[in-house]
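Good morning, and thank you for coming.

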Amino acid sequence: MDETAHARAAFREGIDDIGPDALRMRLEEVLESASMTPGALTVLTAMTLDDAVELDVAARRSAGVQMSYEGLRLSRELIHTDPWTTGDRSEGDLNVIAAEVLVARGFEYLAHTGVAMDVVEAVREFGRDQTRRETAAESERASLDRRLEADFVRTAVRAGADVAFGTITDPIDAVADGLAEELGTDPLPGSETALVGVSERLSTAVASPDTTTPGEFSQSSGT
């Protein structure tokens, strides 16, 4: 299964009704240049943990994670480049709107799921980190920036587990934390690299004697 293609298609469907045309075209440009690691990781996690999960449900959840991340990533780019003083002001204005739309649509997709507060906290952390970055030493800035990627790698795994199990177990959280540490770089690695070995790690985690079996969880979330 091509998790990246399903995540990309769900993202594209999620922005298809957004206007005006100039804004939608900008959102499509964001999608085309994106590392689809957060979205693909969400789909992979859900389908690995429960192969009976409806693919459309997993893909929609992946789009919510990916859109939230891309909106914050675009916001970070605007903070760092300040196009209103160093570049094209109108392009900067369009990108601000695009970033806001992506975060809002992403949260719409993730509201009433087990990772809704993950995204809220990621937004808060992003704001705090970018504020700290203004006065941080140059050597500290990269670590402040990369938290965004780490947060959304972690959220992607948790979102997929929430689709599959309706809850997120400690062993899955441990996998999510490990992947966040390994993959949480700016820029994110491509999904073809990032997904290598992840299914096996997830399967090992849920097969642990200390792990509750999937059948003991509530039904998979349907939104």
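This is a predicted model: local features need pLDDT of at least 70, side-chain atom pairs count only at pLDDT 80 or more; totals for chains, interfaces and linings use all residues.

Asp 16 belongs to a patch of negative charge on the surface, where it gathers with Glu 13, Glu 28, Glu 54 and Asp 56.

Let me now step back to the whole protein. Which secondary structure elements does the protein have? It comes to eleven helices and zero strands. Along its principal axes, the C-alpha trace spans about 55 × 40 × 30 Å. For 223 residues, a compact globule would have a radius of gyration near 17 Å, and the protein agrees with that, having 17 Å. Of those 223 residues, 50% count as buried.

I turn next to charged pairs. Side chains of opposite charge can pair when their charged atoms come close. How many salt bridges does the count come to? The count is 24 salt bridges, and I shall present three of them.

The pair in my opening example is Arg 158 with Asp 118, whose side chains meet in a salt bridge at 2.6 Å, N to O. Arg 158 lies in helix H8, residues 138-165, and Asp 118 in helix H7, residues 116-133, so the pair ties together parts that are 40 residues apart in sequence. Are these two residues buried or exposed? Both Arg 158 and Asp 118 are buried.

Another pair is Glu 125 with Arg 128, where the closest N and O atoms are 3.1 Å apart. These two residues are three apart in helix H7, which means that about one helical turn separates them. Glu 125 has 18% relative accessibility and so counts as buried, whereas Arg 128, at 36%, is partly exposed.

The remaining example is Asp 177 with Arg 154, a salt bridge of 2.8 Å, N to O. Asp 177 lies in helix H9, residues 170-183, and Arg 154 in helix H8, so this pair ties together parts that are 23 residues apart in sequence. Both partners are partly exposed, with a relative accessible area of 38% for Asp 177 and 25% for Arg 154. Salt bridges can also share partners: in this way Glu 121, Arg 124, Glu 125, Arg 128, Asp 129, Arg 132 and Arg 147 are joined into one network.

Let us now compare distance along the chain with distance in space, taking Ser 62 as the reference point. Asp 21, in helix H2, is 41 residues from Ser 62 in sequence and 24 Å from it in space, C-alpha to C-alpha. Ala 156, in helix H8, is 94 residues from Ser 62 in sequence, but the C-alpha atoms are 7.2 Å apart. The two residues also have their own accessibility values: Asp 21 is partly exposed at 47%, and Ala 156 is buried at 0%.

Most residues other than glycine have a negative phi, and most peptide bonds are trans. Which peptide bonds in this model are cis? One of them runs from Gly 19 to Pro 20, with omega near 0°, and Pro 20 is placed in the loop between H1 and H2. Another runs from Asp 186 to Pro 187, with omega near 5°, and Pro 187 is placed in the loop between H9 and helix H10, residues 191-194.

As for phi, Asp 82 has a positive value of about 45° although it is not a glycine. Its place is in the loop between helix H4, residues 55-81, and helix H5, residues 83-86, and at 29% relative accessibility Asp 82 counts as partly exposed. His 112, also not a glycine, has a positive phi of about 65°. It lies in the loop between helix H6, residues 89-110, and H7, and with a relative accessible area of 78% His 112 is exposed.

Thank you for your attention.

Key:
Residues are numbered from 1 along each chain as its sequence is written. Side-chain values use heavy atoms; hydrogens and water are left out. Patches are made of residues with over 30% relative accessible area and no salt bridge: like charges are joined within 9 Å, nonpolar side chains (Val, Leu, Ile, Met, Phe, Trp, Tyr) within 5 Å. Accessible areas come from the Shrake-Rupley method with a 1.4 Å probe; for residues, only the protein chains shown count as cover. A salt bridge is a side-chain nitrogen of Lys or Arg within 4 Å of a carboxyl oxygen of Asp or Glu. Lys and Arg count as positive and Asp and Glu as negative; His and the chain ends are not counted. The place of a charge is taken as NZ of Lys, CZ of Arg, CG of Asp or CD of Glu. Helices (H or I, at least four residues) and strands (E, at least two) are DSSP runs, numbered from the N terminus. Buried means under 20% relative accessible area, exposed over 50%, partly exposed in between (1.4 Å probe, protein chains only). The radius of gyration is taken over C-alpha atoms; the globule rule is 2.2 Å times the number of residues to the power 0.38.
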